[in-house]
Amino acid sequence: LTFLYTRCTNRNRCPLVAKRMGELQKLADAAGLGDRVGIVVVTYDPEFDTPDVLKKYGERRGLRFTPTVRMLRPDPAAKDDFFDRLGVTVNYGPEGVNIHGLQLFLLDGRGRFVRRYQSAIWDNADVLADLKRLAEER
């Protein structure tokens with residue numbers, strides 16, 4: 001589970017997150033985990049990022065949408081509470097998203113928290129190794 005928004009202009013943030021998730025999907029597929037790994041990307045900007053905007057953005061950056069790979073948007077009226085409950089680093093100014101972190105949450109097959117990759121863009125080799133360990137536990 002990770003987060004981005006499509007109007008982010010810093011190529012080392014949201015565009016990189018989307019690309020990295022597309023790469024992770026390919027790695028999981030190659031490792032035979034594609035149908036066992038869910039990839040979820042949630043927008044920080046649900047007012048702007050409609051399902052169509054998210055779909056085009058993800059596809060341009062290498063995501064292939066399947067039943068286990070999705071881009072979602074929280075209810076705009078409840079987004080602050082949603083992100084607060086998850087402990088997600090984001091805040092808003094008058095123009096929308098102001099500051100946000102880079103974070104990837106790894107959950108197990110029951111939806112329980114396993115690991116959080118935060119601050120710097122994660123290494124997909126590390127994530128894949130964690131996914132393989134989780135797959136072996138099932």
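The model is predicted, so local features need pLDDT of at least 70 and side-chain atom pairs count only at pLDDT 80 or more, while totals for chains, interfaces and linings use all residues. Residues are numbered from 1 along each chain as its sequence is written, and side-chain values use heavy atoms, with hydrogens and water left out.

Start with the core. A nonpolar core is a set of buried Ala, Val, Leu, Ile, Met, Phe, Trp, Tyr and Cys residues joined through side-chain atoms within 4.5 Å. Buried means under 20% relative accessible area, exposed means over 50%, and partly exposed lies in between (1.4 Å probe, protein chains only). The largest nonpolar core holds 36 residues. L4, M21 and Y44 have the most contacts inside this core. Helix 1 gives the most, with six residues. Helices (H or I, at least four residues) and strands (E, at least two) are DSSP runs, numbered from the N terminus.

Now zoom in on L4. Contact means heavy atoms within 4.5 Å. Not counting residues up to four places away in sequence, L4 touches C14, V17, A18, V41, V42, T43, Y44, Y57 and M71.

Next comes the empty space. Rolling a probe the size of a water molecule over the atoms shows where such space is left. The search runs on a 1 Å grid over the protein atoms alone, and a pocket is an open set of points where a 1.4 Å probe fits, with protein on both sides within 12 Å along at least five of seven lines. Lining residues have an atom within 4 Å of a point. Grid points are joined across faces, edges and corners, and a volume is the space filled by probe spheres set on the points. The largest pocket has a volume of about 430 Å³. Its lining counts 21 residues, and R36, V37, G38, L107 and L131 lie nearest the centre. Helix 1, strand 2, strand 6 and helix 4 each supply at least two lining residues. By type, the lining divides into 15 nonpolar, three polar and three charged residues. Here Ala, Val, Leu, Ile, Met, Phe, Trp, Tyr, Cys and Pro count as nonpolar, Asp, Glu, Lys and Arg as charged, and the others, Gly among them, as polar.

Turn to the cysteines. A disulfide is a pair of cysteine sulfur atoms within 2.5 Å. The structure holds zero disulfides. C8 is in none; the nearest cysteine sulfur, that of C14, is 3.4 Å away. C8 is buried at 9% relative accessibility, and C14 is buried at 1%.

L86 sits in helix 3 (residues 79–86). L86 is partly exposed, at 33% relative accessibility. Beyond its neighbours within four places in sequence, L86 contacts F3, F105 and R116. V88 lies in the loop between helix 3 and strand 4 (90–93). V88 is buried, at 7%. V88 and F3 are 85 residues apart along the chain, yet their C-alpha atoms are separated by 8.6 Å.

Finally, look at T68. This residue is in the loop between helix 2 and strand 3. T68 is partly exposed, with a relative accessible area of 27%. Leaving aside neighbours within four places, T68 is in contact with G34, D35, V37, G38 and I39.
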